[in-house]
Amino acid sequence: MRTKIARFRHKVFVQRLGWELPGVSNGLESDQYDRADTLYITLRSAQDEVVGCARLLSTTGPYLLKDHFPQLLGSAHVPCSSKVWELSRLAADRPAGAGAGEFEWAIHRLLAETVRVAYEKGAHQLIGVTYASMERLFGRIGVKAHRVGPSERIDGRMVVASRIELDRTTLGALRIA
């Protein structure tokens, strides 16, 4: 499954979005945060192909926002708590011909499962680096993402640090009992 996830991430982040990432080889994308304690959530097709993924890391260890984008936190403290988990590498496939509603549905389903898993692991909050457009998408599906610090243009796109409270509002928007 990790190979399928790495292949999917390569397709989305390297091929489609054009990210230049270390750790890319043979059509696979992984980095130093893909460790034994990393949790992965996948959305799979009927043919068992990965069509969506997310990565969860406790902020008690190394994580992407802290190590590579702390400036996006502004004056906020760098989280280091078993109750705060980093959400990264969130992506869903947008098949040719799929409408925006289908993409939003896939993100909603993937985010719901990601929040459910994080909540079961004791998280009260998710934090991560994302495009400002994803922050808006979260809002459209009913999940309030709170911007933590300033935005920054990276590779031509606005990037922000956002946090999502795992509270009744979020659980309700994602239909998590």
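Is Cys53 buried or exposed? Cys53 counts as buried, because its relative accessibility is 2%; buried means under 20% relative accessible area, exposed over 50%, and partly exposed in between (1.4 Å probe, protein chains only).

## Basis of the report

The model is predicted, so local features need pLDDT of at least 70 and side-chain atom pairs count only at pLDDT 80 or more, whereas totals for chains, interfaces and linings use all residues. Residues are numbered from 1 along each chain as its sequence is written, and side-chain values use heavy atoms, with hydrogens and water left out.

## Cysteines

In contrast to buried Cys53, Cys80 is exposed, with a relative accessible area of 55%. The model contains zero disulfides, a disulfide being a pair of cysteine sulfur atoms within 2.5 Å.

## Nonpolar cores

A nonpolar core is a set of buried Ala, Val, Leu, Ile, Met, Phe, Trp, Tyr and Cys residues joined through side-chain atoms within 4.5 Å. The largest has 43 residues, and those touching the most other members are Leu56, Ile107, Leu111, Val115, Leu126, Phe138 and Val143. Helix α3 (residues 100-120) supplies the largest share of this core, nine residues. Helices (H or I, at least four residues) and strands (E, at least two) are DSSP runs, numbered from the N terminus. A second, separate core of seven residues includes Phe8, Val12, Cys53 and Ala91.

Contact means heavy atoms within 4.5 Å. Not counting residues up to four places away in sequence, Val115 touches Leu126, Leu166, Thr170, Leu171, Leu174 and Ile176.

## Arg9 in helix α1

Arg9 belongs to helix α1 (residues 2-16) and counts as buried, at 1% relative accessibility. Leaving aside neighbours within four places in sequence, Arg9 is in contact with Val14, Glu29, Ser30, Asp31, Asp34, Tyr40, Cys53, Arg55 and Arg89.

## Largest pocket

A pocket is an open set of points on a 1 Å grid over the protein atoms alone, where a 1.4 Å probe fits, with protein on both sides within 12 Å along at least five of seven lines; lining residues have an atom within 4 Å of a point. The largest pocket holds about 1100 Å³ of space, a volume being the space filled by probe spheres set on the points. Of its 43 lining residues, Phe13, Leu17, Trp19, Thr130 and Tyr131 lie nearest the centre. Elements giving two or more residues to this lining include α1, α3, β6 (125-131) and α4 (132-140).

## Helix α4

The buried residues of α4 are Ala132, Met134, Glu135, Leu137 and Phe138. Gly142, which follows α4, has a positive phi near 95°.
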